[in-house]
Amino acid sequence: MNKRFKPILLALVVGLTAMTEVSAADSGASLEQRMQRLERMLQNQSLADLVLQIQQLQREVQQLRGDVEMQKHTMDEMSRRQRDLYLDIDQRLSRVSGPSAAAGAAAVAAPVAVPAPSAPASPAPTASGPAVASAPPVNSVTPPDPKQEEFAYQEAFNLLKQGRYPESITAFGSFLKQYPGGTYEDNAQYWLAEASYVNRDFDTALNEFSKVRKGYPQSPKVPGAMLKMGYIYYEKQNWDEAKAILKELQMNYPDTTEARLADKRLQRISKEGH
């Protein structure tokens with residue numbers, strides 16, 4: 001049966017029942033009294049229907065709220081998984097490029113071995129004075145422990161993965177001071193900038209991303225830094241700077257994910273009329 005006719009049939013049944021009850025109960029009453037009683041019964045039935053409808057609407061609203069909360073939870077979970085996947089990929093890439101980068105850094109950081117001058121023979125003491133003392137040896141620089149460096153980087157990186165951005169900023173800053181020229185220096189600088197970017201501290205993030213671009217021109221983090229710089233200029237409504245750096249990214253790093261994302265942002269800027 002069609003759902004539209006069910007309320008009508010229900011009202012008819014209720015009305016007939018009410019009329020029957022009125023006729024049976026008020027057989028000795030006047031016609032006017034019967035009509036008044038019937039009207040009161042119909043009014044009570046209408047109020048009952050309204051209460052039922054309100055209760056049904058309340059149940060539907062509760063169900064919709066539950067659906068919305070479920071969707072929000074799902075979106076939060078997807079966002080968390082996407083962030084963790086992104087950070088995990090970067091970490092693996094860092095480990096893959098670690099040995100070669102370490103070798104390069106060691107070659108740059110290692111001081112050139114200069115043969116120490118042979119100390120002159122100490123002359124025999126004479127009556128005029130003691131012999132001349134030989135020059136002290138030059139102090140050697142002890143390189144940092146690679147395991148300690150990796151552990152410190154991993155600690156700062158874990159803070160970033162956990163969303164503890166102020167703590168990760170402090171940790172990456174300390175890492176850069178403690179391990180200058182190390183294997184993970186460019187990565188640490190990039191993630192230091194990224195933590196400020198996620199924290200919407202755009203001025204600080206722009207300055208830190210610029211350090212990646214200028215200080216590590218051969219780093220694989222440079223395209224990502226340039227892309228984020230373009231995003232920041234976009235947020236600051238500096239359209240000319242945004243377009244300039246995004247186009248430079250496309251020209252210098254074609255066929256990369258960052259170049260494709262830069263193209264999408266340039267199209268967006270164009271559609272918005274900037």
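## Burial of Tyr-197 and Phe-202

Tyr-197 is buried, its relative accessible area being 18%. The term buried denotes a relative accessible area under 20%, exposed denotes over 50%, and partly exposed lies in between (1.4 Å probe, protein chains only). Phe-202 likewise counts as buried, at 14% relative accessibility.

## Basis of the values

The model is predicted: local features need pLDDT of at least 70, side-chain atom pairs count only at pLDDT 80 or more, and totals for chains, interfaces and linings use all residues. Residues are numbered from 1 along each chain as its sequence is written, and side-chain values use heavy atoms, with hydrogens and water left out.

## Aromatic pairs

Rings of Phe, Tyr and Trp (its six-membered ring) are paired if their centres lie within 6.5 Å; planes under 30 degrees apart are stacked, those over 60 are edge-to-face, and the rest are tilted. This rule gives eleven aromatic pairs. One of them joins Tyr-190 and Trp-191 edge-to-face, with 5.1 Å centre to centre and 80° between the planes. Tyr-190 is buried at a relative accessible area of 3%, and Trp-191 is buried at 1%. Tyr-197 and Phe-202 form a tilted pair, with 5.8 Å centre to centre and 50° between the planes.

Ring pairs link Tyr-153, Phe-157, Phe-172, Phe-175, Tyr-179, Tyr-184, Tyr-190, Trp-191, Tyr-197, Phe-202 and Phe-209 into a cluster.

## Charges over rings

A charge sits over a ring if NZ of Lys or CZ of Arg is within 6 Å of the ring centre and within 35 degrees of the ring normal. Lys-221 lies over the face of Tyr-190, 4.8 Å from the ring centre. Arg-265 places its charged end over the ring of Tyr-234, at 4.7 Å from the centre.
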